[in-house]
Amino acid sequence: MSEIPTIKVENVTKTFHLTGETITALKDISFAICAGEFIVAAGPSGSGKSTLLHLLGALDVPDKGKIMVNGRDIAVMSESLRANFRRYEIGFVFQTFSLIPVLTVYENVEYALLLKGVPKGQRKRMVMETLTTVGLERYATRYPRQLSGGQQQRVAVCRAIAGQCTYILADEPTANLDAKNAMGLMEIMRQLNIERKVTFIISSHDPRVISKAERVIYLEDGALRDSTI
Ligand SMILES: Nc1ncnc2c1ncn2[C@@H]1O[C@H](COP(=O)(O)OP(=O)(O)OP(=O)(O)O)[C@@H](O)[C@H]1O
Ligand SMILES: [Mg+2]
């Protein structure tokens, strides 16, 4: 693991405005993440985990503070630069299986590469190599509905890593899985973290998932508790 922080969250605050109500989802939080880390963002429901992942993934912007990624503040980037950042540098895995139902497993993983303009021959190699890594090469021609939830999440991880992004944000990826599949998914993500040096930031309130973390960032009511950096 590199000791140089590649992601620096500095004094970030995020509020949501509803009629007659302001919700502070994140309150002045600061921490750093180094390349190659395997982090779990933990905390009770409503503590701000998803909000934090959305900000780290440039899906939303903070009200205050900076989010420096490789020296650039993604909080103040133009929308087109942010779209590029999402496409080329980040992989997302969500709680509900987010595969495209009309595409096969192969096509779902290939889609991320198509968006990046990777040539066809290279795409095929990259897709099959990634599916093999998670033990799903035999399922390439199946559709998502023909897979179990655990297998679908493995495809989602494949789609996230196929494009060789720098880091993966996974928002409660094990929430809809049974214990065995949840641990299987965690092991695959950890293996990819070690072998491919992809940085993982995973949100969860499951103690078994948290126990697999290299480092845990605890959120409580939008504030950080016990962060080691
Ligand atoms: N789009 C939104 N509009 C208004 N309030 C929101 C919005 N998104 C989140 N919130 C509020 O911000 C707070 C943090 O929500 P967030 O989704 O980040 O929590 P979480 O830790 O991911 O919870 P969970 O474990 O249930 O997924 C909550 O009080 C939530 O109601
Ligand atoms: Mg959430």
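Visitor: Where is the place of Arg225?

Guide: Elements first. Helices (H or I, at least four residues) and strands (E, at least two) are DSSP runs, numbered from the N terminus. Arg225 lies in strand 10, residues 223-225. This is a predicted model: local features need pLDDT of at least 70, side-chain atom pairs count only at pLDDT 80 or more, and totals for chains, interfaces and linings use all residues. Residues are numbered from 1 along each chain as its sequence is written, while chains are lettered from A and ligands numbered from 1 in the order in which they are written.

Visitor: Why does Arg225 count as partly exposed?

Guide: Count C-beta atoms, placed from the backbone. A residue is buried if 20 or more others lie within 10 Å of its own, exposed if 12 or fewer, and partly exposed in between. Arg225 has 13 such neighbours, so it is partly exposed. For the protein, 39% of the 229 residues count as buried.

Visitor: What does Arg225 touch, not counting residues up to four places away in sequence?

Guide: Contact means C-beta atoms, placed from the backbone, within 7 Å. Under that sequence limit, Arg225 touches Tyr218 and Glu220. Arg225 and Ile29 are 196 residues apart in sequence, yet their C-alpha atoms are 9.7 Å apart.

Visitor: How many helices and strands does the protein have?

Guide: The protein has 7 helices and 10 strands.

Visitor: Which residues of helix 3 are buried?

Guide: An α-helix has 3.6 residues a turn, so residues three or four places apart point the same way. In helix 3 (residues 105-115), the buried ones are Val105, Tyr106, Asn108, Val109, Glu110, Ala112 and Leu113. They pack against helix 4 (120-133) and helix 5 (149-162). Just after helix 3, Gly117 has a positive phi of about 75 degrees.

Visitor: How do the axes of helix 5 and helix 6 cross?

Guide: Axes are lines fitted to C-alpha atoms, for helices over the stretch in contact; angles run from 0 to 180 degrees between N-to-C directions. The axes of helix 5 and helix 6 (residues 179-196) come within 9 Å and cross at roughly 20 degrees. Angles under 35 degrees count as roughly parallel, over 145 as roughly antiparallel, 65 to 115 as roughly perpendicular and the rest as oblique. Helix 5 and helix 6 are therefore roughly parallel.

Visitor: Which residues make the contact?

Guide: Helix 5 brings Gly149, Gly150, Gln153, Arg154, Val157 and Ile161. From helix 6 come Asn181, Gly184, Leu185, Ile188, Met189, Leu192 and Arg196.

Note on methods
Contact = placed C-beta atoms within 7 Å.
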